[in-house]
Amino acid sequence: MKINGAFVEKILIKFIQKELSRFNYKKGILGLSGGLDSSVCAVIAAKALEPKNVIAMIMPYGDSFFEDVKDARELVQLLGIHSKTIDISPMVDPYFARYPTDDRVLKGNKMARERMSILYDFSAREKALILGTSNKTELLLGYGTIHGDTACAINPLGDLFKTQIRQFAVYLGIPQRILKKKPTAGLWNGQTDEKELGLTYDEIDKILFQIVDKRKTKEEIVTLGFNKDDVEKIIKMIKNSEFKRKLPPIPKLSERTIGHDFLFPYDWDK
Amino acid sequence: MTELQSIKIYDNFSFMKVGLVQISPYLGDLEKNFGLHLDFIERAKNKNVNLLVFPELSLTGYTLKDLAQEIAIKPEKNPFFDRIKTLSREISVVLGFVEEKESGMFYNSAAFLSGGKILNIHRKVFLPNYGMFEEAKIFAQGKNFHTFPTPFGKTGMMICYDFLHYGASYLLFVGGSDVIIVVSAAPGRGTSDKEAYLTSRMWELMGEAISRFSTAFLIYCNRVGFEDGVCFAGGSFIFSPSGQMLAKASYLDEDFLIHEIDLEEVRMARKKWSYKRDEKPEVILEALKRIVSKNED
């Protein structure tokens, strides 16, 4: 699972440059939380597009995650990129005043989709392409909000496991404060991914690597010394979240149907 | 006059300049790719290149899906091919395209043009159709690996995945190829602590082994760039008939690699290593027949 920082950097930079030029964009825009993934994405975007062409949207809910906002702003300064801070509580609170809930996941999902909505709005206002910040681990586990934080135009980090993002962040020289932070989806205060998932990212990624990259069966992975319950839990999470990684199915009626046999490349004529 | 006699063989022609065009073609845009090819042919002529090699599907891009049927070409009726044929009087060119050989039959093809003619069209035999690949869904399968005469000696061609089936190289070896040309659109796969995709090593290993044991030049031209997130790895190369890497293009970046090779090296390698002289295709053929006839479900 080792990566070569310089090699990964080169590929991601070329990818971002190519995709933007293909779709006639000069600028990239991303949601910057102050966490590791979005910080890595911001650094790469600044290298690929020049800092003046990168817009970081900082979108806290009220004063929660104050420290993260501070880290995000410091990174913006360090990189010399543009940023805009928008508090999402005036948009989210009226909704929950009308449709109250104590379910923290519901609230967190609504906030993630509010951020997405702002990001797409500013993407159009600024003519900037949205760079996703979801890593391979969370995409595989479905540990993200559909049409929320997973929504983007291109996703530069989507083939790097969380632990590989950490390796990459060290190579990139990401500030220590961000590097040492406990990963959180930011759904509520005090939430950490590893507490919620019940496994560390080190453990999760080792198992995911065997399942996905090495194409091993559950039995084969258990033989390697991994805990059977952990492996089963992860396989279940992958299966249960396949819908988040696909376009919705269309029932086939005609002779040629979108997604079934009307098949063209994403980069068609670009 | 035999086909061989009809081709101009240069007197005392030993040195030749090979150009490898490691580009990122425009996906599905024939016009732009025509322009790209003409540009590189012009540049190559200015540098006295004798043989210019473009990568697999250089006229179309790779990730074609349903587009393949829309941009297929019949080379004998195509104005662009007519133009390249004319230019090939001055410089030999290998390029890749989607060929509609017969109506409704689409092939992943590579053409060798020289002396104003198409000397050979190779139609990809081994169509990758696993994991990220779906070529057998798009293309008809080629049926042969020809060795054909060229101004630079007997030559054979393969397209990408053909080269990973060593039986294909064997046919070119036994067919007498002195120069083996592989055109490729090989995506990079697998990371490590090295500054290269893991799969790049696979192509280099094959290049070294096949050149060494065929005592032939091995010219491999890969592409670069991204299509739908897939990154083509570049790293085009030339190996000598004794298995020495003579030149290598960069990984990931566009490159125009020009290298002069000495065709006399084929003879030198075969004086030293007798693989070709001692080969027994008739034994292999009979053994293969026995194996294939016993092959049951």
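Two residues are in contact if their C-beta atoms, placed from the backbone, lie within 7 Å. By this criterion, and with neighbours up to four places away in sequence left aside, Ala56(A) is in contact with Leu30(A), Leu32(A), Ala42(A), Ala72(A), Val76(A), Ile81(A) and Ser83(A). The structure is a predicted model.

Ala56(A) also belongs to the largest nonpolar core, which has 140 residues. The residues with the most contacts inside this core are Ala42(A), Ala45(A), Ala56(A), Val53(B) and Ile219(B). Helix H2 of chain A, residues 36-49, supplies the largest share of the core, with 10 residues. In soluble globular proteins, nonpolar side chains tend to be buried together.

Chain A holds an open sheet of 4 strands with parallel pairing. The strand order is E3-E2-E1-E4. Strands E3 (82-85) and E4 (128-130) of chain A stand at the edges. Each has a single partner strand, so one side of each is left without a neighbour in the sheet. Neighbouring strands are turned by 25° against each other on average, direction ignored. Strand E1 (residues 27-31) of chain A pairs with strand E2 (residues 54-58) of chain A in the parallel sense, over 4 bridges. Within this pair, Met57(A) in E2(A) is the bridge partner of Gly31(A).

Helix H3 of chain A, residues 66-79, lies across E2 and E3 of chain A and runs at about 165° to E2(A). Helix H5 of chain A, residues 104-126, touches E1, E2 and E4 of chain A. The direction of H5(A) makes about 165° with that of E1(A).

Lys162(A), Thr163(A), Gln164(A), Ile165(A), Arg166(A) and Phe168(A) are the buried residues of H7(A). Their cover includes helices H1 (5-22), H2, H6 (136-141) and H10 (201-213) of chain A. Just after H7(A), Gly173(A) takes a positive phi of about 75°. Ile174(A) lies in the loop between helix H7 (162-172) and helix H8 (176-179) of chain A. Ile174(A) has 20 other C-beta atoms within 10 Å and is therefore buried, the cut-off being 20 or more. Beyond four places in sequence, Ile174(A) touches Ser39(A), Val40(A), Val43(A), Ala169(A) and Leu179(A). The C-alpha atoms of Ile174(A) and Met111(A) are separated by 27 Å, with the two residues 63 apart along the chain.

In chain B, strand E1 spans residues 15-22. Of its 8 residues, 6 are buried, so E1(B) is largely enclosed by the rest of the structure. E1(B) pairs with strand E14 (residues 255-262) of chain B in the antiparallel sense, over 8 bridges. Here Phe15(B) stands opposite Asp262(B) in E14(B). E1(B) is also joined by 3 bridges to strand E2 (residues 51-53) of chain B, and these two strands run parallel. Leu52(B) in E2(B) is the bridge partner of Gly19(B). Between E1(B) and E2(B) the chain crosses through helix H2 of chain B, residues 30-46. This β-α-β crossover is right-handed.

Chain B also holds an open sheet of 6 strands with mixed pairing, in the order E6-E7-E8-E9-E12-E13. The edges are strand E6 (147-150) and strand E13 (245-248) of chain B. Both have a single partner strand, so one side of each lacks a neighbour in the sheet. Strand E9 (residues 217-221) of chain B pairs with strand E12 (residues 237-239) of chain B in the antiparallel sense, over 3 bridges. Leu218(B) stands opposite Phe239(B) in E12(B). Helix H7 of chain B, residues 198-214, packs on the sheet and touches strand E8 (179-183), E9 and E12 of chain B. The direction of H7(B) makes about 155° with that of E9(B).

The two chains also touch each other. The contact takes 20 residues from chain A and 19 residues from chain B. On the side of chain B, the largest share, 3 residues, comes from strand E10 (residues 224-227) of chain B. By class, this side has 8 charged, 6 nonpolar and 5 polar residues.

Notes: Residues numbered from 1 in each chain as written. Chains lettered and ligands numbered in written order. Predicted model: local features only at pLDDT ≥ 70, side-chain atom pairs only at ≥ 80, totals over all residues. Nonpolar A, V, L, I, M, F, W, Y, C, P; charged D, E, K, R; others polar. Core = buried A, V, L, I, M, F, W, Y, C linked by C-beta atoms within 7 Å. Buried ≥ 20, exposed ≤ 12 C-beta atoms within 10 Å, placed from the backbone. Pairing = 2+ DSSP bridges. Axes fitted to C-alpha atoms, helices over the stretch in contact; angles between N-to-C directions. Right-handed = clockwise from strand over helix to strand, strands pointing away.
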